[in-house]
Amino acid sequence: MIKRRKFISTTLSASAALTIPQKTFGTTKTSEHNKLLLPKQLKKGDTIGIIAPGYAITSEILKNTIHTLKRMGFKTYNTNRILGNSGYFSNTDKERVDDLNEMFNNPNIDGILCARGGYGCTRIMHLINYNLIKTNPKVLVGFSDITSLLNGIHKETGLVCFHGPVGSTLDDSYSIEKLENIIINPKESFTIKNVILSNNKLKNNSEYERYTITEGAAVGRLSGGSLTLINALIGTPHEIDFTNAIVCIEDVEEAPYRIDRMLTQLIQGETFKNAAGIVFGVFAGCDKPKTSKSFTLKEVIMDRIKPLGIPAVYGMSFGHIKNNFTFPIGIKAKLNTSTMSIQLLEKAVK
């Protein structure tokens, strides 16, 4: 089981990496009015830039990430900032945001993959050059702490970003296939379905149970990610507007009472109650045995979500788990609770 708190190349010519002005960029003033911006469709032979915008990574994680991407048919590139280590971060805030800005600015980089999550992305949100990203749209993939980047960049620029595996977890056929189906081999309409659970241990694990909270179908634009990071964005310029959205939520190693508290905060906010649909992934390490002094994870989710009357399911194959499908932030999709599937209604790349 992958835990967020533990979740923690080949290179191009140095002249290919363009210098990024060293300044604070902040947020754009027209973020609410940005139109949907599609990144370029990726193909075999393209170059993927690898970054670590949060926690530090080991050289072994970087090596394995490069190996996986090459096996998928990509070239790779990373700067020496990725292993700079500053406390628990991969580098200082400035160096981490410089890496992100450089990857978008470098014309030789076709897409960007985050090597891991952890913590740190919220510290650099105000330093990102959003205008640069808007004029150089590229595929950006990650999850966990990367939730803040995906939703924040989408809000500021309109760019469709991809909630999917990070480099340290992109190592199984299901995750690779689902990612490729969206960024390499896209279709006008594509249905995301759960992995088949063949492991009896997982089948009997309550955290992997698949159930309908509220029946129904819903159409809306995809948003969300880590529940912890969704809540961390509240009160910031990058707080997510859930109105008419299909909200995807997952988390890891959080006790039921903490899940309760975070869901309650969302429900008492202005827009969550106006969501079109709610999709819970697998909350790995979040359930506790039923006692007279506690609730189970399922009891918390049913208690908090069912009264909203919004079509909702629990247990889809995304989160801090081995088989982690990719969903594009900002793309219109249809949730079907009876088939427990998400149908993408438009391409996420061009």
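Visitor: What is the relative accessible area of Arg-123?
Guide: Arg-123 has a relative accessible area of 35%, so Arg-123 is partly exposed. Buried is under 20% relative accessible area, exposed is over 50%, and partly exposed lies in between (1.4 Å probe, protein chains only).

Visitor: What sort of model is this?
Guide: This is a predicted model, where local features need pLDDT of at least 70, side-chain atom pairs count only at pLDDT 80 or more, and totals for chains, interfaces and linings use all residues. Residues are numbered from 1 along each chain as its sequence is written, and side-chain values use heavy atoms, with hydrogens and water left out.

Visitor: Back to Arg-123. Which side chain does it meet in a salt bridge?
Guide: Asp-93, at 3.1 Å, N to O. A salt bridge is a side-chain nitrogen of Lys or Arg within 4 Å of a carboxyl oxygen of Asp or Glu.

Visitor: Is Asp-93 buried or exposed?
Guide: Asp-93 is buried, at 19%.

Visitor: How many salt bridges in the whole structure?
Guide: The search finds 14. One of them joins Lys-40 and Asp-110, at 2.8 Å, N to O. Lys-40 lies in the segment before β1 (47-51), and Asp-110 lies 70 residues away, in the loop between α2 (93-105) and β3 (111-114).

Visitor: Which residues form a network?
Guide: Arg-81, Glu-95, Asp-99 and Glu-102 are linked by salt bridges.

Key:
Helices (H or I, at least four residues) and strands (E, at least two) are DSSP runs, numbered from the N terminus.
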